[in-house]
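Trainee: I am new to this structure. Please show me how to read a few of its features.

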Amino acid sequence: MSQVLLFTGKGGVGKTTLAAATAASLAAGGRKALVVSTDPAHSLADALDVRLGSSPSEVDTPEMGVGGLYACQIDPRGLVDEAWGELRGHLRTVLAGAGVDELDAEELTVLPGVEELLALAEVRRLAVSGPWEVVVVDCGPTAETLRLLSLPEAFAGYLERLFPTHRRVVRGLLAGVAGTGSVEKWDATADALSRLAERLDALRSMLADPSTCSVRLVLTPERVVAAETRRTLTALALQGIRVDGVVANRLVPSPGAARGAAATWLRTRRHEQDAVLAELTGIGEIRTVDHRASEPVGVPALLEVAAQLYGDEDPLPASAAPESMLEVSGSGRGLDARYSLRIALPLADDTDLDLARVGDDLALTVDGRRRLVALPSLLRRCIVTGAEMDSGGVTVEFRPDPSLWR
């Protein structure tokens, strides 16, 4: 499988340009690279200055000696018509046979986010089946990307409710309600749903594997954008997705010792940008790209951007082993035992955090984004006694539940 590198950031920060520049640099270095856009507002073709379709095509740039650069813009509407249309038809038939009103059946099979989900599935298909070593993805703005990356898990939950794992129970129910014909139709639908569930599992595995997939965040040195970047780092960590780097784009050039109104403006603006970057502590190295006098359009201009961004370094992140976000510590015997659960997350001082116990899970809500964290077996017979938050995560305190030790 190809390595997958996803670029995202607040709208207008230049992520398309940097994604295209990274892919061009990889190709110039001798590796086959595919750059693909899942952003509904496609601008990848404009950045490369070529015509692009929904299928990958090689970007011809003989004047720069760059070979092995491929690009495409995914058409999610076409994917919906091709992959989801037949399954929706199956589901409508089965639901109607089970006594669900036709209009209700139609509404139940219209799933929000299915276009984005299929676009992400197409990225994985290209990464698995293509000849390229790297797939660079120009994602949509941050909010859309976070929703996109959470869809496989959310969609899998929807499927589990619609089509429980215990298929025979559903099959028997339909047999009693609608007869053998409906059972046969359900079998066809169940097979289609099983294939979709397998694709969702493969997507979740890809996104959670730091040796295969990572995200690169793009920002401009502005406080509003930097604040959103911090929240994005936390949200991605909450989903178990690796962020391999942050790029600050469009730094204004330093005027040096020049005088005059223009030099004063540049000096003030650059000082403000440097101050914003200095406040972004604890997120690792931040690469920077200068604001250019002319818009970087076409492969030659993109390679100039990549040269400043990466220098002599490899644009690809080093392979990383999976890291657990949970660490349990503590000791003691019986009811006197005390334990701590450390949940590693990058958190800002103003992070809105909420914890709740839900059965054997801990519901962790960070700035409105919720994730169920499965508790280690040691802590399932315990109750929460307190919690503390710092910039590196959350520490939750536990003690044994007396009601379970009787």
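Mentor: Buried means under 20% relative accessible area, exposed over 50%, partly exposed in between (1.4 Å probe, protein chains only). Two notes on the source: this is a predicted model, where local features need pLDDT of at least 70 and side-chain atom pairs count only at pLDDT 80 or more, while totals for chains, interfaces and linings use all residues. Residues are numbered from 1 along each chain as its sequence is written, and side-chain values use heavy atoms, with hydrogens and water left out.

Trainee: Where is Asp349 placed?

Mentor: Asp349 sits in the loop between strand 10 (338-344) and strand 11 (353-358). Helices (H or I, at least four residues) and strands (E, at least two) are DSSP runs, numbered from the N terminus.

Trainee: Which residues form a negative surface patch?

Mentor: The general idea comes in parts. Patches are made of residues with over 30% relative accessible area and no salt bridge; like charges are joined within 9 Å, and nonpolar side chains (Val, Leu, Ile, Met, Phe, Trp, Tyr) within 5 Å. Lys and Arg count as positive and Asp and Glu as negative; His and the chain ends are not counted. The place of a charge is NZ of Lys, CZ of Arg, CG of Asp or CD of Glu. Accessible areas come from the Shrake-Rupley method with a 1.4 Å probe, and for residues only the protein chains shown count as cover. Here the patch is made by Asp349, Asp350, Asp352, Asp354 and Asp367.

Trainee: Where is Asp367 found?

Mentor: Asp367 is in the loop between strand 12 (361-366) and strand 13 (369-374). Asp367 is partly exposed, at 32% relative accessible area. Look at its backbone too: phi of Asp367 is near 50°, a positive value in a residue other than glycine.

Trainee: What is the phi of Asp49?

Mentor: Asp49 has a positive phi of about 60°, although it is not a glycine. Asp49 lies in the loop between helix 2 (44-48) and strand 3 (57-58). With a relative accessible area of 57%, Asp49 is exposed.

Trainee: Now helices. How many residues of helix 1 are buried?

Mentor: First, the general idea. An α-helix has 3.6 residues a turn, so residues three or four places apart point the same way. In this case, twelve of the 14 residues of helix 1 are buried, so helix 1 is largely enclosed by the rest of the structure. Among the buried ones are Leu18, Thr22 and Leu26.

Trainee: How is the span of helix 1 read?

Mentor: The expected span of a helix is 1.5 Å times one less than its number of residues. Helix 1 (residues 15-28) reaches 20 Å from its first C-alpha to its last, close to the 20 Å expected. Just after helix 1, Gly30 takes a positive phi of about 100°.

Trainee: And helix 11?

Mentor: Read helix 11 (residues 299-310) likewise. Its twelve residues reach 16 Å from first C-alpha to last, close to the 16 Å expected. Its buried residues include Val299, Leu302 and Tyr310. Gly311 follows helix 11, with a positive phi near 60°.

Trainee: How many salt bridges does a search of the whole structure find?

Mentor: A salt bridge is a side-chain nitrogen of Lys or Arg within 4 Å of a carboxyl oxygen of Asp or Glu. The search finds eleven. Take Glu228 and Lys10, whose closest N and O atoms are 3.2 Å apart. This pair links distant parts of the chain: Glu228 is in helix 9 (residues 223-238), Lys10 is in the loop between strand 1 (3-9) and helix 1, and they are 218 residues apart. Glu228 is buried at 18% relative accessible area, whereas Lys10 is partly exposed at 29%.

Trainee: Which residue forms a salt bridge with Arg342?

Mentor: Asp390 does, with the closest N and O atoms 2.8 Å apart. Arg342 is in strand 10 and Asp390 in strand 14 (residues 382-390), 48 residues apart. Arg342 is partly exposed at 24% relative accessible area. Asp390 is partly exposed at 37%.

Trainee: How far apart in space are Val276 and Glu222?

Mentor: Compare sequence with space. Val276 and Glu222 are 54 residues apart in sequence and 6.4 Å apart in space, C-alpha to C-alpha. Val276 is in helix 10 (residues 261-279). At 2% relative accessibility, Val276 counts as buried.
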